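Please keep the structure open while reading.

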Amino acid sequence: MTAAGTPRYDCIVVGGGHNGLVCAAYLARGGRSVLVLEAAGQVGGAAVTREFAPGFQVSACAHLLHLMPGALMRELGLSAQGLKLAAQHLPTTALSGDGAHLSLAPAGLAQRLPADAVAYGEWQALGQRLAAALHPVLTDAPPRLGTGSWRARASLLRLGWRIRRLGRCDMRELLRIGGMNVQDLLDERFESPLLKGALAVDAVLGTNLGPRSPGTVLTLLYRMAAAGGAEALAQPAGGLGALSTALAGAATAAGAQIRTQAPVARILVSADRASGVVLASGEEIAADVVVSSADPKTTFLGLLGSEHLDAGFTRRVAQLRTGGLAAKLHLALERLPQFPDLDRQALRGRLLIAPSPQYIERAFNHAKYGEFSAAPMLEITVPTLADPTLAPPGKHVLSAIVQYAPYSLRSGWQAQRQSFTDLAIDTIGAFAPDLRDCLHSAQLLTPPDIEREFRIAGGHWHHAELALDQFFLVRPVPGAAQYQGPVAGLYLCGAGCHPGGGVMGVAGRNAARQVLREAA
Amino acid sequence: MLTESEPHFRQPLLKTPFHERARALSQVDSFVAWSGYSTVDVFTTVEQEYFAIRNSTSVYDLTPMVKYRIVGAGALRFLNRLMTRDMRNLAPGKVAYSVWCDDSGHLIDDGTVFCLAVNEYRLCTAERQLDWLCASAIGFDVEIAEVTEEVAALALQGPTSCALLQALGFDGVERLKPFELRQFAMPPAALPVMVSRTGFTGDLGYELWMQPADAEGVWDALMEAGRTRGIRPIGSRALNIARIEAGFLLPNLDFISAGHTLRIGTERSPLELGLGWLVDFGKGHFTGRRALLEEQRRGPARLLVGLDIEGNKPAHNTLLYADRAGMKQVGSVTSATWSPTTKRNLALAMLDAPHFAMGAAVWAEIYLNRELTWQRRMARARVVERPFYAPARRRATPPADF
């Protein structure tokens, strides 16, 4: 291809988020000529490191790495691409108003709560057994039913066999708890509200659910299974953006080209087949296959257009639940605030403000009525403790996920941004009295901000709510659940696909496999 | 129309603007519910009314037809994606008959689209469609509103209908070609009436569209001008005979809307209903196109055909067999009538492949009621061309004067 010739690629990947980059890398390794088109000035999508105050950098959306399969990272040679972990096996600590913070590490638990420590050990063991059985569900492409394909049948049979092989007790337990709400499950097994609150966080983080919502055991199991049952929270050196840089390196090394500041305006269709894209600049680029890492609504309703789709399918896409409820708070700190009763090791890890499931449920109640939580739930990290390069010497960054902050706030985010920022800071300040004194500046990203900055319709991390009706065989919607929509040559590879969001990369890899298999 | 005096639950059926006139002319007090309205099934006798359609002029109240106003810069693109037919050829002043399907290529309904102006349409359907129209409108710059109660409508069908309208002062109505429409001001009060050369009888005829307030005035003028041209109000029963002769389909008799079927396999595609001529695969995407292409590739498993059955007993609710012994069922009748004009025993029937081939013979199992003594008769039936009856006058422009 020359500058003068009409550019043409085997595959165009729309969006250079982590899933787009993973997909591009696998496609290029499969021998395809690949062009990644990223709208922003840097790749990474929601896995980026950004300067949010002079000299202060932070993982601007996702802030921990725990779901990306090790096999995928090894296959793509991410360490050879320069990816280093500043910290791994980060501990989790549940903050308590009375200063009796609870470490979820086995030793800490056994000392504080002997009975719960035993129950927690049992739950972890069960979780690992179930996760091992369900793990393939989260790594493989979901089968398409009703096609009579042997591949689909075999895939379902394998899943059934794996569940059956759990043995009678575990299988019954899985089927019993699968549809429950997480609070009932936690009440069955544990006594300490603080422990239950911390575990409930994992079930509802980034979702439109409270601990009393049906399906929250599923989201908890999902998180456990996706993480392989391990508590393997990690923090890349240089923030999540470093992961994206490494992924881009892997894609480029395999032969893919990446263009930033190249927003795609439309996906071109000719003879009922995707044939390329038009950039916002008007430039047309032809390709045999277009793979979109954008969310399903943006892809189908925005870039493709409903005139190329059937009305029923269009309605299913339009009805996807995509409203985000998680806000992101970034604090630039002149010095490290003092958290009394918290040792430095704990401060390096993940801090949770969710003293009980009821606390989270009350926080969620507001969201149901279009308000933000009066007492929000937070997941906090201070990444500069493990990675001082993110801030000027001696200074620090605090990064927190704050829930619940509904996308459609009744009184509008314009008017409420400052009060929610103050509320979130004060909620943390209750555990670090000098936080306000350390504060240099603060940034709050509400779901509408996330929608705008990361180009995710609704500002939902997972692109579409993780719930049974938008999961596995039917994610994002029936008719597009196997990384391929109704228009030939157009594939999906973003978090809106199975297995969903979080910085996982599996959707990108599975989509690439599907393209390589079907468009061979 | 609801009146103020009675709460809605005391008048479960609406009355059309022609209701008082119709009630005054009804001799047998036979009314039926149609789309939430009370309408006439029979005024006098079915036969008398049927022959008005074929020999003079019939008036039929079609106000209950569900009507939608479709406007907006994206109205044409919306309709073209909704309908199986290419709507880009539908210019202002034209009408098109079309069908629309769900994603699986199964028929939702059929109807007529009136192009009133560029990007301004009226869609007339048998069943309510707002939900599907709204789903289809996602992504299109279009506004859709149901206007059923805002538009009163009469079908004026029969060989003397054109002469009658001319006598009433509809100047130039004789130049209207089939599937054309025009606005008229009906003398002497210049009542605005839209006339389209459309109908459900397969005969010469027109449909008149007006404001409900003008409805009785138009009715009275038609009756007065029609006295010497054999005008007669008709009910649904007479119309049903004419529409079978014309080979037209009726929802819930000849097919069930895919939006209403409960059992898998009871939906019907336009290809199965013999409406393949309405499906334009070359016009770009429309809902159901991919499924219909696949069905076309496979070939239809069944087809709605016209049957000519021996004898004179209408084959109502009749099963069809490949053999006289009735061992192998190959289909069933959806609509049947004795055709007074063609003097044939006609039916529309759904037949399994390969029995639907033109000229193919099947056996119809007809039950006869001989003064409460039931008999079963196996009648020979043959697949024949539709329409069964198509007089030249239905297309003649200008039509003959009377």
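How many residues of domain 1 of chain A are in contact with domain 2 of chain A? There are 22, and they meet 20 residues of domain 2 of chain A. Two residues are in contact if their C-beta atoms, placed from the backbone, lie within 7 Å.

## Basis of the model

This is a predicted model, in which local features need pLDDT of at least 70, side-chain atom pairs count only at pLDDT 80 or more, and totals for chains, interfaces and linings use all residues. Residues are numbered from 1 along each chain as its sequence is written, while chains are lettered from A and ligands numbered from 1 in the order in which they are written.

## Chain A: domains and overall form

The assignment for chain A gives domain 1 (8-48 + 66-85 + 238-320 + 464-518) and domain 2 (91-232 + 326-404 + 410-445). Such bounds come from an automatic or database domain assignment. The two domain centres, taken over C-alpha atoms, are 27 Å apart. On the domain 1 side of their contact there are 12 nonpolar, eight polar and two charged residues. Here Ala, Val, Leu, Ile, Met, Phe, Trp, Tyr, Cys and Pro count as nonpolar, Asp, Glu, Lys and Arg as charged, and the others, Gly among them, as polar.

Chain A has 18 helices and 18 strands. Helices (H or I, at least four residues) and strands (E, at least two) are DSSP runs, numbered from the N terminus. The radius of gyration of chain A is 22 Å, close to the 24 Å that the globule rule gives for 520 residues, so chain A is as compact as a globular protein of that length. That radius is taken over C-alpha atoms, and the rule is 2.2 Å times the number of residues to the power 0.38. Of the 520 residues, 55% count as buried. A residue is buried if 20 or more other C-beta atoms lie within 10 Å of its own, exposed if 12 or fewer, and partly exposed in between, with C-beta atoms placed from the backbone.

## Chain B: domains and overall form

Chain B is assigned domain 1 (8-63 + 151-234), domain 2 (66-149) and domain 3 (301-384). Over C-alpha atoms, 35 Å separate the centres of domain 2 and domain 3 of chain B.

Eight helices and 20 strands make up the count for chain B. The radius of gyration of chain B is 22 Å, close to the 21 Å from the globule rule for 402 residues, so chain B is as compact as a globular protein of that length. Of its 402 residues, 48% are buried.

## Nonpolar cores

The largest nonpolar core has 164 residues. A core is a set of buried Ala, Val, Leu, Ile, Met, Phe, Trp, Tyr and Cys residues joined through C-beta atoms within 7 Å. A:I12, A:L247 and A:A511 are among the residues with the most contacts inside it. Apart from it lies another core, of 111 residues, including B:V42 and B:L346.

Leaving aside neighbours within four places in sequence, A:A511 touches A:C23, A:V291, A:Y483, A:Y491, A:L492, A:C493 and A:C497.

## Where the chains meet

Between the chains, 14 residues of chain A are in contact with 13 residues of chain B. Helix α12 (residues 311-318) of chain A supplies the largest share of the chain A side, six residues. By class, that side has five nonpolar, five polar and four charged residues.

Seven of the eight residues of α12(A) are buried, so this helix is largely enclosed by the rest of the structure. Its cover includes α11 (296-304) of chain A together with α4 (130-137) of chain B.

## Local backbone features

Two cis peptide bonds deserve a look. One joins A:Q403 and A:Y404, with omega about 10°. A:Y404 sits in the loop between β16 (396-403) and α15 (413-429) of chain A. Another joins B:A353 and B:P354, with omega about 0°. B:P354 is in the loop between β18 (344-352) and β19 (361-370) of chain B.

B:K343 is not a glycine, yet its phi is positive, near 55°. B:K343 is exposed, with 8 other C-beta atoms within 10 Å. B:E371, also not a glycine, has a positive phi of about 50°. B:E371 is exposed, with 4 other C-beta atoms within 10 Å.
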